[in-house]
Every structure is written in C-alpha cells, then in structure tokens.
Amino acid sequence: KNFEDWLKAAPKSELHLHLDGTLEARRLLSLAEKTHVPLSYQTLEEVEVAYQFENLQSFLDLYYLGASVLRDEEDFYHLMMDYLQRCRENNIVHTEIMIEPQTYLPNGIEFPVFMAGFKRAIADARSQWGQSALLILSFLRHMPEADALHVLDLAEAYRDDFVAIGLASGERDNPPQKFTELYRRAGERGYRLTAHAGEEGPPAYIRAALDDLQVERIDHGVRCVEDEPLVEELRERQIPLTVCPLSNVRLHVFSEMKQHNILQLLQRGLKVTVNSDDPAYFGGYLNDNFIALYRELNLNREQALQLLQNGFEASFLPAEAKQNYL
Ligand code: HPA
Ligand code: ZN
C-alpha cells in the first residue's frame, strides 16, 4: 500500500499517449448525441461490453468511430484539458501527446480548428500548474503514404508545435517501408522520429523502423524478444521502447499481465518506459499501469526508479530541460 502511494506520487514522464485514446466513454456518449454520430452502444454498461477487444483492429474500429464525435474547437480544448488534468493527478510532469489529423480531416475538421483547441489547453495547463507537454504528429499507417505526405505539408503552418512524427494504426500488412519517403522528408524538416513497431507486427518491422525510417525511439517494441540480435542492437544503441502494459493485455499481445515481458526487457538493459497508450479504452492511466506492474509482476523500487528515469531520458525534450528532471 505504501509502495503504491509512492508510485502514484513519483514525478513521471509519459511518452506514448494517443489523445483520441483519452476520450472517456461518458463524454463520448454525450458528444455522439450532440453530433448525431450513430453508435451501437448507448450506456456506460454497453460501452464496457463493446470495449472487450479481440485484437488491435477491433479496438481501432471503435477508437476511430469514437474520435469522429469531435467537431469544434471547444471539443478539442476539453479533450486536451481533461487529459492534462489527468497528468496532474498522475504526477505526469512531462508528456508527449500523439495527435492524429487523419482522423479529423475526413470530417471536414481542419488544422486551425483542432490546433487552436489543443494549444489553448496546453497554454492554460502550463500557466496554471507548470505542465510540460510536447506534441507528436502521428500518421495512420493503413492510409497511403501520399495522404501522409499531404498532411505533413498541411502541418508546415504548425511546424513549431510538433517535436516529432509518429506512425500508428493497424500494423499488420502496413510495414514501415511503406513510409520511407515520409520519414525522409520529416527528418529533413527537423522532426524527431518515432514509430509503432513490434506490437502486433514482427520484429522485422522494428528493424525496418530503425534501418529504413531511421527512428530514434520505438513505440511498443515488445516483440523484439523474438530476434536475439535485434535485442542486442536495441540494448547497444539504448533505443527507447515506449511500452504500454495495460494496452498490451487488453489487445491480447500478452494473455495476462503476469506474462508481460517488460521487466525482462528492463533486466536485459533495454531503455524501457511505461505508458498508457489509450487510457480511456484500456482501463487505466499511467499510475494504473505502474500499479499493475507492482501487483502482477512484483515491480520493486529499484526497477520503478529505473523506469521513471528512462521516461525522462527517452523524452524529446532538449538536453538542458531533461536535466531538470534527472
Ligand atoms: N497501436 C497502433 N495504433 C494505435 C494504438 C496502438 O496501440 N493506439 C492508438 N492507435
Ligand atoms: Zn500506441
């Protein structure tokens, strides 16, 4: 109990968080009514049943449908502000938030609308309690690369608001190689580079993200253990893995938390961090993830301190700003 309180109170960094994944069912249902988006679930009880996902794709179907209820600047302001409040409650002093414009653009919602809401919320949280937040421009890998290139150009007007680009959505059959030109151009324009790899996809996708996309961080990456030389390279280069324990269990990457390999990865010297991914869908924010590791995997203080420190070291903050947290 004492240790759980200590975990909750520890200052944290969160590096793998999809903002659309923080849309709580209660707000989702009320916005769906307002915007007339038809859902097959109308009550919180029905949501709970609908959120028993079988795999990544069955989650993504509801996740994109859920995000389609967001329409005006106020919706985006509240979405961001609600999450930043959760940061405060979870003692997440620094966060890096994935924004996915390809979810909004097909509904006719353009950059000026969602960016105004997001930026206003971040400015408010920064001035009210000193919240640190960076944005990651995340692309959807089930869409063609040409669409991503178009969105990268649209984002030029907001170049200073994004520290990095990322790559999310259905991993199977959408290998990193599909986005080589996107990552080349983004790199040229000074974005830091990260991508989801090795969640449902094979270790070869982690290798391709490193070799073809030149990423400096891997989102998930837990399937690296199937390729021993790859594990050695990740360790040698200290490539951060942004691991999401509750997400992995809910999407059946691991059958139960006791099977999760995060502490083995840590033990082998990989730069592993703990993150919540889509907390409104996967049953918990960052503190819940840490507590699950303690309850199910006997996370100890030494391991927790290493994970917390990795969270700051692996951040995209400039070196001077990082020092304040280490
Ligand atoms: N994997 C891929 N795409 C996603 C995820 C994830 O865990 N969450 C939101 N989009
Ligand atoms: Zn993710």
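Which residues does His 196 touch, not counting residues up to four places away in sequence? In this predicted model, they are Leu 167, Ala 168, Glu 171, Asp 219 and His 220. His 196 is also one of the positions that an unreviewed UniProt entry lists under "binding site", together with His 16, His 18 and Asp 277. These positions span 262 residues in sequence, yet no two of their C-alpha atoms are more than 11.7 Å apart, so they gather at one spot.

**Annotated histidines**

- His 196 belongs to strand 5, which covers residues 192-197.
- His 196 counts as buried because 30 C-beta neighbours lie inside 10 Å, the cut-off being 20 or more.
- His 18 lies in strand 1, residues 12-18.
- With 27 C-beta neighbours inside 10 Å, His 18 is likewise counted as buried.
- Beyond its neighbours within four places in sequence, His 18 is in contact with Met 98, Glu 100, Ala 168, Asp 277 and Asp 278.

- The 8 strands form an open sheet in the order 1-2-3-4-5-6-7-8, with parallel pairing.
- Strand 1 and strand 8 (272-274) each have a single partner strand, so one side of each is left without a neighbour in the sheet.
- On average, neighbouring strands of this sheet are turned by 25 degrees against each other, direction ignored.
- Strand 3 (residues 132-140) pairs with strand 4 (residues 162-168) in the parallel sense over 6 bridges.
- Leu 135 stands opposite Phe 162 of strand 4.

**Helix packing**

- Helix 10 (residues 203-211) lies across strand 5 and strand 6 (217-220).
- The helix runs at about 170 degrees to strand 5.

Terms used: Residues are numbered from 1 along each chain as its sequence is written. Chains are lettered from A and ligands numbered from 1 in the order in which they are written. This is a predicted model: local features need pLDDT of at least 70, side-chain atom pairs count only at pLDDT 80 or more; totals for chains, interfaces and linings use all residues. UniProt positions are given in the numbering used here, feature names are shortened, and annotations may be inferred rather than shown by experiment. Helices (H or I, at least four residues) and strands (E, at least two) are DSSP runs, numbered from the N terminus. A residue is buried if 20 or more other C-beta atoms lie within 10 Å of its own, exposed if 12 or fewer, and partly exposed in between; C-beta atoms are placed from the backbone. Two residues are in contact if their C-beta atoms, placed from the backbone, lie within 7 Å. Two strands pair if DSSP finds at least two bridges between them. Axes are lines fitted to C-alpha atoms, for helices over the stretch in contact, and angles run from 0 to 180 degrees between N-to-C directions.
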